[in-house]
Amino acid sequence: MTRSEFDDIRAHIDAEADHPGDLLRVARSLLSDLEDARMREAMLRAQHLRLLTAARAAAAAAAAGTTGRSDPLTFITEELARQGQLPVTEDEVNQILLDARTATALLTCLEQSPTATATATSGPRVRRCAGASRSLPR
């Protein structure tokens, strides 16, 4: 859920505080959204763990010099294929390589420039996302 959706729910609760049926419906909706988010997070964590395990196995196989397989990258390619992320066409390969170069350049740029967040934390905290029709609880 976005911050705006949470603000809308707060406004609804404030306006309809005397209707318990509406509040119960909102609570059920929020619980459903929370459960969906938890399931997505669990799936992403499992996928990340499988990819990390495959990468570590490939690195260990390369360091050992023998894998029992022809290529240490076999661990990674099998996992990517299992997830449907293995590039098939030449266009997919080129796009992935271009994305990797762009991501590397962006990360290098971010690591070299000082972040505004680091300097902003030393000053007073500014409340954000407060519109004319919404207010944040104090």
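Mentor: A salt bridge here is a side-chain nitrogen of Lys or Arg within 4 Å of a carboxyl oxygen of Asp or Glu. The model is predicted, so local features need pLDDT of at least 70 and side-chain atom pairs count only at pLDDT 80 or more, while totals for chains, interfaces and linings use all residues. Residues are numbered from 1 along each chain as its sequence is written, and side-chain values use heavy atoms, without hydrogens or water.

Start with the setting. The chain has five helices and zero strands (DSSP runs numbered from the N terminus: H or I of at least four residues for helices, E of at least two for strands). Along the sequence this gives the pattern α-α-α-α-α. Of the 138 residues in the chain, 7% are buried (buried is under 20% relative accessible area, exposed over 50%, partly exposed in between, with a 1.4 Å probe and protein chains only). Among contacts with a separation of 6 or more, 35% are between residues 24 or more positions apart (contact means heavy atoms within 4.5 Å).

The whole structure holds three salt bridges. One of them joins Glu 41 to Arg 45, with the closest N and O atoms 3.0 Å apart. Both residues lie in helix H2, and their spacing of four residues is about one turn of the helix. Glu 41 is classed as partly exposed because its relative accessibility is 40%; Arg 45, at 58%, is therefore classed as exposed.

Another salt bridge pairs the side chains of Glu 79 and Arg 50, at 3.1 Å from N to O. This pair links distant parts of the chain, since Glu 79 belongs to helix H3 and Arg 50 to helix H2, 29 residues apart. Glu 79 has a relative accessible area of 9%, so it counts as buried. Arg 50 has 31% and so counts as partly exposed.

Glu 79 also forms a salt bridge with Arg 82, where the closest N and O atoms are 3.6 Å apart. Here both partners are in helix H3, three residues apart, about one turn of the helix. With 51% relative accessibility, Arg 82 counts as exposed.

In H2, the residues Arg 50, Leu 51, Ala 54, Ala 55, Ala 57, Ala 58 and Ala 61 meet Phe 75, Ile 76, Glu 79, Leu 80 and Arg 82 in H3. By class, this contact of H2 with H3 has nine nonpolar, no polar and three charged residues (Ala, Val, Leu, Ile, Met, Phe, Trp, Tyr, Cys and Pro count as nonpolar, Asp, Glu, Lys and Arg as charged, the others, Gly among them, as polar).

As for geometry, H2 covers residues 20-64, and its axis comes within 8 Å of that of H3 at a crossing angle of roughly 160 degrees (axes are lines fitted to C-alpha atoms, for helices over the stretch in contact, with angles from 0 to 180 degrees between N-to-C directions). The two helices are therefore roughly antiparallel to each other (under 35 degrees is roughly parallel, over 145 roughly antiparallel, 65 to 115 roughly perpendicular, the rest oblique). H3 covers residues 74-82 and includes Thr 74, which counts as buried because its relative accessible area is 16%.
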